[in-house]
Amino acid sequence: MDNLFQRLDLNLLRVFDVLMQSRNVTRAAERLNLSQSTVSHALGRLRQTLDDPLFVMTRKEMRPTHRAQALATPVRQALALLEQGVRQSAGFEPGRSRRTFRLAVPSSIEHGVVPQLVELLHRKAPGCRLAVSELVNSDYEDALARAELDLVVSFAGADHLSERLLTDTWFQNPMVCLSAKDSDLPEVIEPAQLVSWSHVSTSNWGHNQTLVEGWLSEKGLARHIGVWVPSFEALPRLLATGRYLAVVPELIGRDLCYYYPLRAHNLSESLHSTYVLAQHPLTEFDPALVWFRGLLEEVGGQ
């Protein structure tokens with residue numbers, strides 16, 4: 001047992017890590033760019049070295065044993081640290097890199113920030129790409145540890161991210177009220193005026209809408225929601241009817257008012273949506289992500 005670690009081949013641990021994720025020899029072989037027989041042989045060597053079957057076949061997939069489950073997290077963390085060390089030693093050259101940066105973001109950031117981020121990335125690192133997915137109610141620790149994502153953009157106070165992640169405030173954005181361009185509403189809207197209209201509530205996540213509801217509730221007021229929509233796509237046409245208002249982050253309101261016949265009104269009291277960036281400690285010193293976070297600071301709140 002004392003020589004167990006010395007007998008382990010790093011390549012076997014990579015195979016084990018991918019098998020834990022895919023639970024299938026064929027899919028693991030494809031991801032590793034190896035033949036199925038090579039992956040099967042590597043699994044056999046691991047089983048012999050660790051004296052455990054590690055995976056047991058069921059009708060649908062290969063199920064990990066208790067020993068495999070216990071090994072999964074330390075192996076993933078060790079491989080991530082090695083990968084980070086290799087990247088650090090190599091440095092990061094934006095002009096030559098072909099890296100794909102992977103983000104999970106709420107719909108307001110996808111609509112209001114991602115286009116500017118793509119343009120900035122294109123200018124400074126033309127070979128790099130951006131892969132954006134929708135923010136969901138997950139703690140994201142595993143996805144970030146496995147490098148399935150690099151960063152997550154969430155809301156301050158949302159309380160869904162793992163406490164083990166590194167989180168920093170990215171920027172704050174004021175909430176504004178949108179109406180049809182020909183509405184006779186004043187430039188600054190009081191809460192009583194706000195609740196006298198029917199509203200459109202946007203986004204599946206709903207954090208910004210909850211922020212508005214809480215603000216009104218403190219004043220003993222509640223608004224009537226006439227329409228719930230999962231994103232901002234239908235908002236311009238709904239507001240153009242003149243029947244509804246919508247309270248959204250200013251970064252959304254600014255764009256919609258530019259492209260559509262809408263007006264933005266300030267709220268009588270300051271109400272802000274605060275966005276945070278979350279990252280796994282394993283990638284804190286990854287030179288590429290240090291550079292990319294600087295890029296995010298450039299576009300945040302513009």
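Ala, Val, Leu, Ile, Met, Phe, Trp, Tyr, Cys and Pro count as nonpolar, Asp, Glu, Lys and Arg as charged, and the others as polar. With that in hand, let's explore this predicted model.

**Exercise 1.** Find which elements give two or more residues to the lining of the largest pocket, and sort the lining by class.

*Solution.* Start with the pocket itself: its volume is about 360 Å³. Next, look at its 14 lining residues, where Arg14, Asp17, Val18, Arg76 and Glu83 are the closest to the centre. Helix 2 (10-22), helix 3 (25-32) and helix 5 (66-90) each give two or more residues. Finally, sort by class: seven lining residues are nonpolar, one is polar and six are charged.

**Exercise 2.** Work out which strands pair with strand 12, and in what sense.

*Solution.* First, locate strand 12 at residues 272-279, with seven of its eight residues buried. Strand 5 (residues 151-155) runs antiparallel to strand 12, joined by four bridges; here Ser154 has Val276 as its partner. Then turn to strand 6 (residues 166-180), which is also antiparallel to strand 12, over eight bridges. In that pairing, Gln172 stands opposite Thr274.

**Exercise 3.** Decide whether Glu141 and Arg164, which meet in a salt bridge, are buried or exposed.

*Solution.* Begin with the contact: N and O are 2.9 Å apart. Glu141 sits in helix 8 and Arg164 in the loop between strand 5 and strand 6, 23 residues apart. Now apply the cut-offs: buried means under 20% relative accessible area, and exposed over 50%. Glu141 has 16%, so Glu141 is buried. Arg164 has 58%, so Arg164 is exposed.

How values were computed
Residues are numbered from 1 along each chain as its sequence is written. This is a predicted model: local features need pLDDT of at least 70, side-chain atom pairs count only at pLDDT 80 or more; totals for chains, interfaces and linings use all residues. Side-chain values use heavy atoms; hydrogens and water are left out. On a 1 Å grid over the protein atoms alone, a cavity is a set of points where a 1.4 Å probe fits but cannot get out, and a pocket is an open set with protein on both sides within 12 Å along at least five of seven lines; lining residues have an atom within 4 Å of a point. Grid points are joined across faces, edges and corners, and a volume is the space filled by probe spheres set on the points. Buried means under 20% relative accessible area, exposed over 50%, partly exposed in between (1.4 Å probe, protein chains only). Two strands pair if DSSP finds at least two bridges between them. A salt bridge is a side-chain nitrogen of Lys or Arg within 4 Å of a carboxyl oxygen of Asp or Glu.
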